[in-house]
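Here's a quick briefing on where the ligand goes and what the pockets look like. Have the structure open while you read.

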Amino acid sequence: PKPELVLLDFSVSPYGQRCRIALAEKGLDYEYSEQNLLGAKSDLLLRSNPVHKRIPVLLHDGHPVCESLVILAYLDEAFPDAAPALLPSDPYARARARFWAAYTDKVYEAGTRLWKLKGDARAQARDEIVRVLGNLDAELGDKKFFGGDVFGLVDVALVPFVPWLPSYERYGELSVEETAPRLPAWARRCAERDSVAKSLHPPEKVDEFITLLKKVYGIE
Ligand SMILES: N[C@@H](CCC(=O)N[C@@H](CSO)C(=O)NCC(=O)O)C(=O)O
């Protein structure tokens, strides 16, 4: 029979890894479908996400759900019996989790500008990623996870960007240890979870991918 869940994804994508971590945490079976993003995109991807033409896309009984953070919230709602819930039950706590989960995108957006741009533009990207990491470090504080004692939405949203940080440190001449001293221990706690350990790629592989992208974009 056709699988109930299909994930259109791209192995090294941190956004796709968010979905893989959530599906693994919830013990949900799904068909993984690696997409070609560097060449011609599949009809299935173009049909499933005609607006952004991007992965990840979750197909639930053929119905496409687009945008990684939307997929994470959808999994909570569509599979309420598949514990653990990523979002807390209290409305105000949910609102704060959504705020910080959306904020984590800035790590990748500013980090990408670090290796894509030069000179003053790179310096501005460095200032932004230092500010963003500092804000995330402050939000985490002395908690075990962003949600407190439980591994939740913000943790799932942020942890896929961890293997990209060593590259950002090099391109941005910055130190995560100095900028966000509590994030390394948090990242290690996350990496103890099988869902995270099996979804993330090592920093070396991420750095090789950045080098490949620079070639694709013609950036020396
Ligand atoms: N806000 C979205 C970002 C997805 C994305 O950038 N997907 C990339 C691969 S990962 O960098 C992608 O599909 N790029 C293909 C393209 O832009 O052509 C989300 O959270 O799902």
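Helices here are DSSP runs of H or I with at least four residues, numbered from the N terminus. Keep in mind that this is a predicted model. The ligand sits in the largest pocket, and there's a second largest pocket to look at too, with a volume of about 250 Å³.

**Ligand contacts**
- The shell around the ligand is made up of Ser13, Tyr15, Leu37, Lys41, Arg54, Ile55, Pro56, Glu67, Ser68 and Tyr108.
- By class, that shell splits into 5 nonpolar, 2 polar and 3 charged residues.
- The side chain of Lys41 puts an N or O atom 2.5 Å from a ligand oxygen.
- Ile55 uses its backbone instead: an N or O atom there is 2.8 Å from a ligand nitrogen.
- Tyr108 has a polar side-chain atom 3.5 Å from an oxygen of the ligand.
- On its own the ligand would expose 530 Å², and the protein buries 76% of that.

**Largest pocket**
- Its volume is about 730 Å³.
- Of its 29 lining residues, Tyr15, Leu37, Arg54, Ile55 and Tyr108 lie nearest the centre.
- H1, H3, H5 and H12 each supply at least two lining residues, with H5 giving the largest share at 6.
- The lining counts 17 nonpolar, 4 polar and 8 charged residues.

**Second largest pocket**
- Here 16 residues form the lining, and Pro88, Ala93, Ala97, Phe146 and Gly147 lie nearest the centre.

Conventions. Residues are numbered from 1 along each chain as its sequence is written. This is a predicted model: local features need pLDDT of at least 70, side-chain atom pairs count only at pLDDT 80 or more; totals for chains, interfaces and linings use all residues. Side-chain values use heavy atoms; hydrogens and water are left out. A residue is near a molecule or strand if one of its heavy atoms lies within 4 Å of it. A polar contact is a pair of N or O atoms within 3.5 Å; within protein, one must be able to donate a hydrogen and the other to accept it, and residues adjacent in sequence count only if both atoms are side-chain atoms. Accessible areas come from the Shrake-Rupley method with a 1.4 Å probe; for residues, only the protein chains shown count as cover. On a 1 Å grid over the protein atoms alone, a cavity is a set of points where a 1.4 Å probe fits but cannot get out, and a pocket is an open set with protein on both sides within 12 Å along at least five of seven lines; lining residues have an atom within 4 Å of a point. A molecule sits in a cavity or pocket if more than half of its atoms lie within 2 Å of its grid points. Ala, Val, Leu, Ile, Met, Phe, Trp, Tyr, Cys and Pro count as nonpolar, Asp, Glu, Lys and Arg as charged, and the others, Gly among them, as polar. Grid points are joined across faces, edges and corners, and a volume is the space filled by probe spheres set on the points.
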